[in-house]
Amino acid sequence: MSVASDSPVHSSSSDDLAAFLETELDSNSDSSSESFPIEDAAEDDAEVSNHRLKRRKLEHLETVDEDEIEEVASVKFSQEISEASSSKLPCQHPGTFGNMCIVCGQRVEEEETGISFTYIHKGIKFHEDEVTRMRDIDMKMLQSQRKLCLVLDLDHTLLNSTVLRDLRPEEEYLKSLTHSLEDVSGGDLFMLEFMHMMTKLRPFVHSFLKEASKMFVLYIYTMGDRPYARQMAKLLDPKGEYFGERIISRDDGTVRHQKSLDVVLGQEKAVLILDDTENAWPSHKDNLIVIERYHFFASSCKQFDHRFQSLSQLKSDESEPDGALATVLKVLKQTHSLFFEDGGEDLSGRDVRSLLKQVRKEILKGCKVVFSRVFPTKSQAEDHPLWRVAEGLGATCATEVDESVTHVVAMDVGTEKVRWAIREKKFVVHRGWIDAANYLWKKQPEENFGLEQLKKQGAEEKSDDVHEDVLQKSRDACYKARDAFYTCLEKESGKKPTEIASVGLLYPKECSLSRTEFVKSCRSSWVKHFDREYCRNKRVQRLLDDGDERKGPMSLPQPYTFKPSPST
Amino acid sequence: MFFHMVLERNMQLHPRFFGRSLRENLVSKLMKDVEGTISGRHGFVLAVTGIESIGKGLIRDGTPFVTFPVKYRCVVFRPFEGEVLEAVVTTVMQHGFFAEAGPLQLFVSNHEMQDGMEYQAGDIPNYTSSDASVRIQKDCEVLLKITTVSVVATEIFCLGSIKGKYLGLLNDRA
């Protein structure tokens, strides 16, 4: 419990302020330790340069604040300020709080480019140069701790959330399995009533975070809003030891619907990103490790238009030791060790992006791949994403077969290249083999990706592809039912319409039988179309019939009557 | 500084609220609208304490809404330059620390601290004095002096200083 002491005017002890500055600028720590005892363990250049900057700015500040803060500087100090005015620098306005410069308090106009760091605090903005300086300091500190930066996405990467409303009936059993919110450690499934959500953490995520935090400084970057991001961080990291304040939500990003490393305080060459969506990071694809999406809840599958069943419906889950997170952790360990290998002091040349590429190129090293009927013939094969992915994985790609080819990737059995491959005893796989290698970071056994499996899948697909109801037979049946319905309508035109058909068409109860027949034999979009046509025709006819006599507002179309209705 | 003053506001009321409880509806709408907001001139409106008067209602042309001029007493909080107040530290950065005094957000730059204060990075970033007697970290109470006040689009931000006699750390996470 202490009260702040008088501002110790250290420099007043030295007579010549300029001389003091000289000594400080020349030597590293010894001279400065007299007046600025540094308690940091890490005595690196950044701290001293920080000091120097601070000292210079301090002097300028004193003169500016003279009017505002009377108690601050003693008379002696102000004399020295005027003496040392030559060493004064104009304020660089490194950052603004509100619209005031944080150093000198002046109003700074908005045209200065600054990046808002709302996840640190509301209203704070830093100039680009300042951000670069902060990144450099951060880099040095990280290097001394042998750590890099890792930016983690939340949804479908570390966890899967669903709104309670979207829970399917077969998922209701999950409600009884939720873990309590009081003590979140060890739990995986949480019910968040106050947000109307249920969240499932991905298997292995706790060990993943523990291991990763030893090698990386962790950030969360999500497209959810701030309260969601903070709540998820509480589930993943109840003690706040992994993420701290480094939680970036979509409210903190600079560009909407896009993620970028501009608000991350780490140099781009030392940051890795783990996300399930490649397109969220348009300018940092090289830093990105794409992970397989985690679909636990059915609503998540539906969101991405997948027809397969979600893990909750299958009552199973990703394998813990073998799952996506475990694989990614291995890759991260590999890249990290490559970055810090040899223990060399000069790590400024290393770039984590090229190291990641290096690790990736090991996967399919030695494979020469030819593609058959995978790319449309008109386009340039080299530009196709699959070609690019294969090359990124270390395989060499070619357009024509020759002796050195090891794999033929095809979607169809009957092509020449495939026949050649079977003759020459080369591997024939479908494109899933390359995709699997990309996601699992390991060359997969070719037997699991043979074309026979593709054929099996294809056969199932084919029956889906051909829709029965557009064939001639069913079309005729549909037309018959339709005509029957409409003739019924004409017949019963005298009766009052009570039933609702669709798109504003009403019909009397007598016709309900033919209506059901009509709806059964035709597609719903066709039914709508025919109804619409019918209404249109009726309106036209009515207008033609009694166009002259109609006065005043027209009543709603009553398509079943031919009799000119009395004007209302 | 806190003030207890009379402010006036034109309240628009929909006819569905007319009737016996017109006055209550008007007052509750006023409180909902005004409490917790920031007025550029008066600062943070903290609480409505009473109603001075409610004038005659005028029907707005073209709409069924009626406008009542309401005079009400309320407690406002407005920071002034040179004012000394207590604040709780929320975030510590290498440039300085953020503190809040109720609804008011303040920033104290490291240039506005005593010369001996050093930034210590780490798990709990803090500012420590040269003789380690004073340590300012998250949730500490500090006494600071406001140096600049700026009102930016219904937000009030202040810069503060702990460079002065009796300013600085008050309490250590009490």
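The points below cover the basis of the model, some strands of chain B and a pocket in chain A.

1. This is a predicted model, in which local features need pLDDT of at least 70, side-chain atom pairs count only at pLDDT 80 or more, and totals for chains, interfaces and linings use all residues. Residues are numbered from 1 along each chain as its sequence is written, chains are lettered from A and ligands numbered from 1 in the order in which they are written, and side-chain values use heavy atoms, without hydrogens and water.

2. In chain B, strand β2 (residues 38–39) runs antiparallel to strand β3 (residues 43–54), joined by 2 bridges. Strands are DSSP runs (E, at least two residues), as helices are (H or I, at least four), numbered from the N terminus; two strands pair if DSSP finds at least two bridges between them. B:Ser39 has B:Gly43 of β3(B) as its bridge partner, and 3 residues separate the two strands of this hairpin.

3. β3(B) is also joined, by 8 bridges, to the antiparallel strand β5 (residues 66–77) of chain B. There, B:Ser53 is partnered by B:Lys71.

4. Which residues lie nearest the centre of the second largest pocket? They are A:Glu278, A:Val290, A:Arg360, A:Val389 and A:Asn438, out of 27 lining residues. A pocket is an open set of points on a 1 Å grid over the protein atoms alone, where a 1.4 Å probe fits, with protein on both sides within 12 Å along at least five of seven lines; lining residues have an atom within 4 Å of a point.

5. α11(A) gives the largest share of this pocket's lining, 6 residues.
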